[in-house]
Amino acid sequence: MIVAGLDIGSLTIKAVIFEENKIKGFTIVPTGADANKLTKDCLELTLKRTGNDFKDLQAIVATGYGRISVPFTDKSITEITCHAIGANWLNPDTRTVIDIGGQDSKVISVDQDGRVVDFVMNDKCAAGTGRFLEVMANALGVKTEELGNESLKSKKKITISSMCTVFAESEVISLIAEGCAKEDIIRGLHEAISNRICSMACRLRLENTIALTGGVAKNIGMVHALKKRLKAKVYVPEEPQIVGALGAAIAASRILYSE
Ligand SMILES: Nc1ncnc2c1ncn2[C@@H]1O[C@H](COP(=O)(O)OP(=O)(O)OP(=O)(O)O)[C@@H](O)[C@H]1O
Ligand SMILES: [Mg+2]
């Protein structure tokens, strides 16, 4: 049985091919104006990599912001449900999922079967998201992928007081002008985001194990800041960015089982 899960996010599109309870292949591409075509291309590239054809797929489930705009799927499911299913499959001890994506951040409580018990999310502003970090990386002249390792070099604590993207960018520019080290500023940014996520998470009963999902979990500095603040058992999947698409693929296989 071969199925696919697609996660059409605000910044990236993810495709996962799932066969006999195993991840067979995945692809991550940037989101663009024609989400429908880009999603199809992303899926076809993944099928090529796994040596399969579109006709081999027995079910396709889509999730993410753009899930409605893709017509060739069997079902669309919310990202919250998909991240819960994906994280539970990867680590059944998961009871809390923190998904930090490009445009929003979510904290999800899940039960032992990966069902959503409760959730909180911030989708009102860029603070505490990947986009916020991208703007700051740009202001610092550092690649987003390098933020994590840079921050680990930090020896001095700097507190970033603004969380609004526009004000935080000005604050970062002022700190650079004052001669502060980039690594200290980046660590300060990670700690500020971590504080924001944790105060949102406090509205739920945070239980071990906490899985970190979404592209921002690839940032080792963010993971360190969250671990320090959460003081809990934290699990970071090998490829945290595809957890939503993985959950969608697992949901697709369940459609077939229930038929
Ligand atoms: N290697 C990396 N190092 C650091 N950050 C990364 C890396 N790869 C991706 N990111 C971050 O991940 C973010 C995108 O995450 P993701 O793909 O989960 O978002 P999305 O699903 O498109 O967004 P949303 O769920 O909000 O719609 C980017 O903003 C980027 O900052
Ligand atoms: Mg996402």
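This is a predicted model: local features need pLDDT of at least 70, side-chain atom pairs count only at pLDDT 80 or more; totals for chains, interfaces and linings use all residues.
**View 1. Two domains meet.** Let us start with the overall layout: the protein is divided into domain 1, made of residues 1–91 + 239–259, and domain 2, made of residues 95–236. Their centres, taken over C-alpha atoms, are 26 Å apart. Where the two touch, 16 residues of domain 1 are in contact with 24 residues of domain 2. Which helix gives the most to the domain 1 side? That is helix α2 (residues 79–90), with eight residues. By class, this side of domain 1 has eight nonpolar and eight polar residues, and no charged ones.

View 2. Take a moment for the pairing of β10 with strand β9 (residues 210–213), which is parallel and runs over two bridges. Here Ala-211 has Tyr-235 in β10 as its bridge partner.

**View 3. Helix α3 packs with helix α6.** Two packed helices are described by the angle between their axes and the distance between the axes. For helix α3 (residues 130–140) and helix α6 (residues 182–201), the angle is about 165° and the axes are 11 Å apart. Angles over 145 degrees count as roughly antiparallel, and therefore α3 is roughly antiparallel to α6. The crossing of the two helices is right-handed. On the α3 side, look for Phe-132, Leu-133, Met-136 and Leu-140; they meet Lys-182, Ile-185, Ile-186, Leu-189 and Ile-193 in α6. The residues of this contact comprise eight nonpolar, no polar and one charged.

**View 4. A cis peptide bond between Asn-208 and Thr-209.** This view turns to the backbone, where the peptide bond joining Asn-208 and Thr-209 is cis, with omega about 0°. Where does Thr-209 lie? You will find Thr-209 in the loop between α6 and β9.

**View 5. Asn-21 has a positive phi.** The last stop is Asn-21, in the loop between β2 (12–19) and β3 (22–30). Asn-21 is a residue other than glycine, and its phi is near 65°, a positive value.

Terms used:
Residues are numbered from 1 along each chain as its sequence is written. Chains are lettered from A and ligands numbered from 1 in the order in which they are written. Domain bounds come from an automatic or database domain assignment. Two residues are in contact if their C-beta atoms, placed from the backbone, lie within 7 Å. Helices (H or I, at least four residues) and strands (E, at least two) are DSSP runs, numbered from the N terminus. Ala, Val, Leu, Ile, Met, Phe, Trp, Tyr, Cys and Pro count as nonpolar, Asp, Glu, Lys and Arg as charged, and the others, Gly among them, as polar. Two strands pair if DSSP finds at least two bridges between them. Axes are lines fitted to C-alpha atoms, for helices over the stretch in contact, and angles run from 0 to 180 degrees between N-to-C directions. Angles under 35 degrees count as roughly parallel, over 145 as roughly antiparallel, 65 to 115 as roughly perpendicular and the rest as oblique. A crossing is left-handed if the near helix is turned anticlockwise from the far one by less than a right angle, and right-handed if clockwise.
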